[in-house]
Amino acid sequence: MTKVVGESDVTTFHVSATRTSSGNTNSQEVFHIASGIMFLDVTSASGTLDIKIQTTPKTNPTANDWYDLGGGSFTQVTATGKQSMAIVNFGHWVRCAYTIGGGSPSFTFEILFVPSEYKGNSNFK
């Protein structure tokens, strides 16, 4: 049986905001999700922006418990635009790490996640 994904299934990893230095998004618990799509919307750009997806199998991760997800990087951003990326095979939690570089860098961006398949019992949602 296929579960229909609705608007309520959208998770915001990074609310649209201007950033001038590197950091991490909020982490989201995704143990019940098998796969999904990350969406990046950059509405203002100056410098370079690199974003990679990170995951951890730990239920209560610390700062050193995060691993880069293989194949989980958006194309480097130097201008406004939109990207999407399918992700699979992640752990208990997921977050995005972003690196901002260049002279006087500034980026306004949003990162959303939509699950495309839930694990086992779809009532976990």
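This briefing describes the strands, salt bridges, aromatic pairs and nonpolar core of one protein structure. The structure is a predicted model, in which local features need pLDDT of at least 70 and side-chain atom pairs count only at pLDDT 80 or more, while totals for chains, interfaces and linings use all residues. Residues are numbered from 1 along each chain as its sequence is written, and side-chain values use heavy atoms, with hydrogens and water left out. The structure holds three salt bridges, and a search of the whole structure finds three aromatic pairs.

**Strand pairing**

- Helices (H or I, at least four residues) and strands (E, at least two) are DSSP runs, numbered from the N terminus.
- Two strands pair if DSSP finds at least two bridges between them.
- Strand β4 pairs with β7 in the antiparallel sense over 21 bridges.
- Strands β4 and β6 also run antiparallel, and eight bridges join them.
- Within β6, serine 84 is the bridge partner of phenylalanine 39.
- A further antiparallel pairing, over three bridges, is that of β4 and β5.
- Lysine 52 stands opposite alanine 97 in β7, and lysine 52 also stands opposite serine 73 in β5.

**Salt bridges**

- Side chains of opposite charge can pair when their charged atoms come close.
- A salt bridge is defined here as a side-chain nitrogen of Lys or Arg within 4 Å of a carboxyl oxygen of Asp or Glu.
- Aspartate 41 and lysine 82 form a salt bridge in which the closest N and O atoms are 3.1 Å apart. This pair links distant parts of the chain, since aspartate 41 lies in strand β4 (residues 33-56) and lysine 82 in strand β6 (residues 81-88), 41 residues apart.
- Aspartate 41 counts as partly exposed because its relative accessibility is 22%, whereas lysine 82 is exposed, with a relative accessible area of 66%.
- Lysine 52 forms a salt bridge with aspartate 68, with 3.3 Å between the closest N and O atoms. Here too the pair links distant parts of the chain: lysine 52 is in strand β4 and aspartate 68 is in strand β5 (residues 67-73), 16 residues apart.
- Lysine 52 is partly exposed, with a relative accessible area of 32%, and aspartate 68 is partly exposed at 45% relative accessibility.
- Aspartate 65 and lysine 58 form a salt bridge, their closest N and O atoms being 3.9 Å apart.
- With a relative accessible area of 13%, aspartate 65 is buried, while lysine 58 is partly exposed at 39%.

**Aromatic pairs**

- Rings of Phe, Tyr and Trp (its six-membered ring) pair if their centres lie within 6.5 Å; planes under 30 degrees apart count as stacked, over 60 as edge-to-face and the rest as tilted.
- The rings of phenylalanine 13 and phenylalanine 113 have centres 6.0 Å apart and planes at 80°, so this pair is edge-to-face. Phenylalanine 13 lies in strand β1 (residues 11-19) and phenylalanine 113 in strand β7 (residues 93-118), so the pair ties together parts that are 100 residues apart in sequence.
- Phenylalanine 13 is buried at 2% relative accessibility, and phenylalanine 113 is buried with a relative accessible area of 2%.
- Tyrosine 98 and phenylalanine 109 form an edge-to-face pair, with 5.2 Å from centre to centre and 75° between the planes. Both tyrosine 98 and phenylalanine 109 are buried.
- One aromatic cluster is formed by Phe13, Phe90 and Phe113.

**Nonpolar core and contacts**

- In soluble globular proteins, nonpolar side chains tend to be buried together.
- A nonpolar core is a set of buried Ala, Val, Leu, Ile, Met, Phe, Trp, Tyr and Cys residues joined through side-chain atoms within 4.5 Å.
- The largest nonpolar core has 24 residues, of which Met38, Leu49, Ile51, Ile53 and Phe109 touch the most other members. The elements that give two or more residues to this core are β4, β6 and β7, and the largest share, nine residues, comes from β7.
- Contact means heavy atoms within 4.5 Å.
- Leaving aside residues up to four places away in sequence, phenylalanine 109 touches residues including Val15, Leu40, Leu49, Ile51 and Tyr98.
- Serine 35 is placed in strand β4 and counts as buried, at 11% relative accessibility.
- Not counting residues up to four places away in sequence, serine 35 touches Ile87, Val88, Phe90, Phe113, Pro115, Ser116 and Glu117.

Methods: Buried < 20%, exposed > 50% of the residue type's maximum accessible area, 1.4 Å probe, protein only.
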